[in-house]
Amino acid sequence: MASSLAKKRFLVTGAGGQLGAQLVQELAYRHGCPVIGWTSQNVSGEMRGNHAYRQVDITDRQAVEQAFHEWQPDCVIHCAAVTNVDLCERDREIAKQVNTTSSAWLAELASRGGAKFAFLSSDYVFDGSDGPYDEDARVNPINYYGVTKAAAEQIICEHLPDALILRTTVLYSNGRHNNFLKWVVTQLQMGAEVRAFTDQYGNPTWVDGLARAILDLIALDCQGIYHVAGPDWVNRYTFALQIATAFGLPAARICPVTAEQLPQTAKRPVRGGFRVAKSLALTEHLYSIDESLQWLRGGERA
Ligand SMILES: NC(=O)c1ccc[n+]([C@@H]2O[C@H](COP(=O)([O-])OP(=O)(O)OC[C@H]3O[C@@H](n4cnc5c(N)ncnc54)[C@H](OP(=O)(O)O)[C@@H]3O)[C@@H](O)[C@H]2O)c1
């Protein structure tokens with residue numbers, strides 16, 4: 001599959017984020033693709049071999065258009081988003097701008113430039129009443145983050161029929177980025193308590209495997225909606241216990257809680273998450289929790 005990607009020029013947005021950073025590394029070092037990673041951070045913009053990072057605020061339409069035309073990508077993987085679900089609830093304007101409006105601008109540019117467009121979405125487009133969900137399940141978000149992602153999906157599907165909508169969930173890695181695994185490990189190492197929800201289900205997804213799975217789907221020129229996530233469907237409490245076991249940390253400090261006991265600003269879907277058979281048939285890189293934690297513990301790569 002590597003060969004079909006190698007001739008393409010990639011643009012990855014959200015390149016300083018958890019998934020975007022991994023995608024840039026995979027594309028540059030594993031596939032040898034020319035790739036630009038857009039970031040909101042102050043970076044030099046210099047090419048390092050076949051890749052570079054460029055500072056682009058994706059809420060600045062002029063900056064987005066200029067940077068897009070300069071690079072002329074063959075494929076855009078749009079990871080940038082306001083991912084703090086409670087922040088999206090509180091600051092709806094910025095959530096809508098980044099997650100919906102800027103996504104629409106980029107889709108339009110991709111369409112005009114004849115570039116493939118892959119958009120990262122979420123299981124929070126569903127209400128969580130009857131998950132795990134298939135790709136054709138009815139969208140019905142219950143928080144504003146989900147509203148912004150569902151709106152972006154709709155605009156992209158209308159204007160770019162060959163776009164790839166990649167819905168994922170519960171990402172984790174052991175690098176510098178905040179995520180559930182890092183939080184659980186840090187809390188337990190400090191001797192602190194971990195309160196983990198028994199009424200939030202999803203598919204924990206190791207970022208390294210996800211990046212590879214996404215590139216497999218792009219290499220196959222997949223179009224439409226795909227649920228790309230780990231195959232295990234568990235609640236956060238169960239996932240926290242698995243993390244503690246894998247890292248040899250005291251599981252006794254993990255306390256089960258419900259949303260009623262510990263309310264959050266934004267409502268979360270209860271039975272969220274996915275059925276992932278459609279993606280699993282096309283990629284071998286969506287790993288179980290056990291496999292992923294084993295690799296993370298051993299420091300090995302998939
Ligand atoms: N994390 C999850 O569990 C999860 C679950 C479902 C779906 N997703 C989706 O998967 C994608 C990747 O998630 P992630 O965990 O990698 O998210 P992340 O670590 O929060 O990264 C998102 C990145 O978006 C960029 N960004 C935000 N506002 C920007 C702006 N105004 N201008 C330029 N860049 C901006 C930032 O990139 P820089 O740091 O480079 O500035 C930020 O790091 C997102 O679209 C997310 O909605 C994630």
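In the predicted model, a polar side-chain atom of Thr39 lies 2.6 Å from an oxygen atom of the ligand, a polar contact being a pair of N or O atoms within 3.5 Å. A polar side-chain atom of Thr83 is likewise placed 2.6 Å from a ligand oxygen atom. Taken alone, the ligand exposes 890 Å², of which the protein buries 83%; accessible areas come from the Shrake-Rupley method with a 1.4 Å probe. The ligand is surrounded by 27 residues, the closest being Gly16, Thr39, Ser40, Thr83 and Tyr145; a residue counts here if one of its heavy atoms lies within 4 Å of the ligand.

Residues are numbered from 1 along each chain as its sequence is written, and side-chain values use heavy atoms, with hydrogens and water left out. As the model is predicted, local features need pLDDT of at least 70 and side-chain atom pairs count only at pLDDT 80 or more, whereas totals for chains, interfaces and linings use all residues.

The largest pocket has a volume of about 1500 Å³. On a 1 Å grid over the protein atoms alone, a pocket is an open set of points with protein on both sides within 12 Å along at least five of seven lines, a cavity is a set where a 1.4 Å probe fits but cannot get out, and lining residues have an atom within 4 Å of a point. Volumes are the space filled by probe spheres set on the points, which are joined across faces, edges and corners. Of the 47 residues lining the largest pocket, Gln18, Thr83, Asn84, Tyr145 and Asn178 are the closest to its centre. Elements giving two or more residues to this lining include α2 (18–30), β2 (35–39), α4 (85–90) and α6 (144–159); helices (H or I, at least four residues) and strands (E, at least two) are DSSP runs numbered from the N terminus. The pocket lining divides into 19 nonpolar, 20 polar and 8 charged residues, with Gly counted as polar and Tyr, Trp, Cys and Pro among the nonpolar.

The structure also holds 1 cavity of 30 Å³ or more. Its lining includes Pro204, Trp206, Gly230 and His285, and β10 (205–206) and α8 (207–219) each give two or more residues to it.

Two backbone features lie in loops. The peptide bond from Gly131 to Pro132 is cis, with omega near 5°, and Pro132 is found between β5 and α6. Gln72, in the loop between α3 (61–71) and β4 (75–78), has a positive phi near 50°. Most residues other than glycine have a negative phi, and most peptide bonds are trans.

Note on methods
Polar contact = N/O pair within 3.5 Å; in protein donor to acceptor, adjacent residues only side chain to side chain.
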